[in-house]
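Have a go at each task before reading its solution.

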Amino acid sequence: MTDGSVYEELGVSTVVNAAGTKTRIGGSRIRPEAREAMDRAAEAFVRLSDLQAAASDRIAEVTGAEAGYVTNGAAGALLLAAAASIAGTDPGTMARLPDTEGVADEIVMPRTHRTGYDHALRTAGATIVDVGTNDATLGTGARNVEPWEYTDAIGEDTAAVAHVYKAYEGPPLAEICEIAHDHGVPVIVDAAAELPPKSNLSWFTDQGADLVAFSGGKGIRGPQTTGILAGRADLIESVAAQHLDTHATASVWDPPERLLDADRFDGVPRQGVGRPLKVGKEELVGLLAALDAFLAEDHEALGREWRERAERVAADLDGLDGLSTTIEDGAKSVAPTVSVTVDAETAGRSAAALVLALRREDPRVFVGADGVDGGVFTVSPICLTDGEADHVVARIRSNLGSESGN
């Protein structure tokens, strides 16, 4: 199949994305407004600290936080959040990270919130302290984590509390923030995939979170390499000091005061642990343009479009032997998602074999595969056009009943 794309010129198959805003297949389609802004940004030079200061003002305005910062993805935001919580504005600690000897470096985190993405926190030098159990997940009747367990775990070595936001996980974020603040400890929230709705831009700050990480390349549809960190001004100042290029002679070091007050530092900080997480001027401007377009978007209309597409896909797949569908809303997704159960005996192949066959096509077809070992895959409408949704259904139909390779 030929499409005339730059990927074809490179000999790389394109992907029909029915899996959602997954980084491994490119996130989302970048908005035209962002692409145009990036082209314009490429035409001139700018001091990155000035650009980050302007971004901080805009992020603060739309999130209700004191300040903000454009990062290298949400994972980069988490690393910088951990570094800021550990080092504050102490240039000596900043220079030693990720070595945290003699410094409070513990981040308290519910066991059920632990994911591979907490590697970002650990990269800054943090030590994760687990609280709670997996009781509710395992069906034993108790909640996974109780409020008193946070209090019990916070001590003199605690730098922060981390929270991966999911609406179905407790205790409530506001309660966690109150406990942490009673002990003088900030709360870091991973809200990477929690947009839309646009109200979530400010909701986490309203609950008391001190630093909130959002992806710039998912629902906002900015450059895939970008993220947003919104939060307390002093912590964002530490983020800036540990991220920006600080190769400067002290006598001429003059960062924008509203982002980073040079008078707080006894000399110029060394290049920080966040220095490898570079954000270019083009990506930064593109993210801000995408953010404005996201805010102007009619999300109710977009939601209706997603639901109609999901319902059509579900109806088409329900008509195939061995497949049954349900549409899931709410807690685990920002959009309605089609959950497809595969009866391997009737369908002629297992869910895993079907999903793998789809991925090996040209163009590749990616569906959600988290549940394939249990006989379930998902179809997300977020990144599909109507024509692509039809293609997904057609390729599933074509692959059913053929040699399974189970």
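**Exercise 1. Find where D318 sits and what its side chain holds on to.**

Start with the secondary structure: D318 is part of helix 13, where helices are DSSP runs of H or I with at least four residues, strands are runs of E with at least two, and both are numbered from the N terminus. A quick word on the ground rules: this is a predicted model, so local features need pLDDT of at least 70 and side-chain atom pairs count only at pLDDT 80 or more, while totals for chains, interfaces and linings use all residues. Residues are numbered from 1 along each chain as its sequence is written, and side-chain values use heavy atoms, with hydrogens and water left out.

Next, check the cover. D318 has a relative accessible area of 39% and is therefore partly exposed (buried is under 20%, exposed over 50%, partly exposed in between, with a 1.4 Å probe and protein chains only).

Now list the partners. Skipping residues up to four places away in sequence, D318 touches L323, S324 and T325, a contact being heavy atoms within 4.5 Å. With T325 there is also a side-chain to side-chain polar contact of 2.8 Å. That term covers a pair of N or O atoms within 3.5 Å; within protein, one must be able to donate a hydrogen and the other to accept it, and residues adjacent in sequence count only if both atoms are side-chain atoms.

Last, get a sense of scale: G141 is 177 residues from D318 in sequence, and their C-alpha atoms are 34 Å apart.

**Exercise 2. What does the buried side of helix 15 pack against?**

First pick out the buried residues of helix 15 (351–359): A351, A353, L354, V355, A357 and L358. Then follow their packing, which involves strand 10 (337–342), strand 11 (364–367), strand 12 (376–379) and helix 16 (386–399).

**Exercise 3. Zoom out: how does the radius of gyration fit a compact globule?**

Begin with the inventory, 16 helices and 12 strands. For 406 residues, a compact globule would come out near 22 Å, and the protein has 23 Å, so the two agree (C-alpha atoms only; the rule is 2.2 Å times the number of residues to the power 0.38). The C-alpha box along the principal axes is roughly 70 × 60 × 35 Å.

To finish, 50% of the 406 residues count as buried. Of the contacts between residues at least 6 apart in sequence, 67% join residues at least 24 apart.
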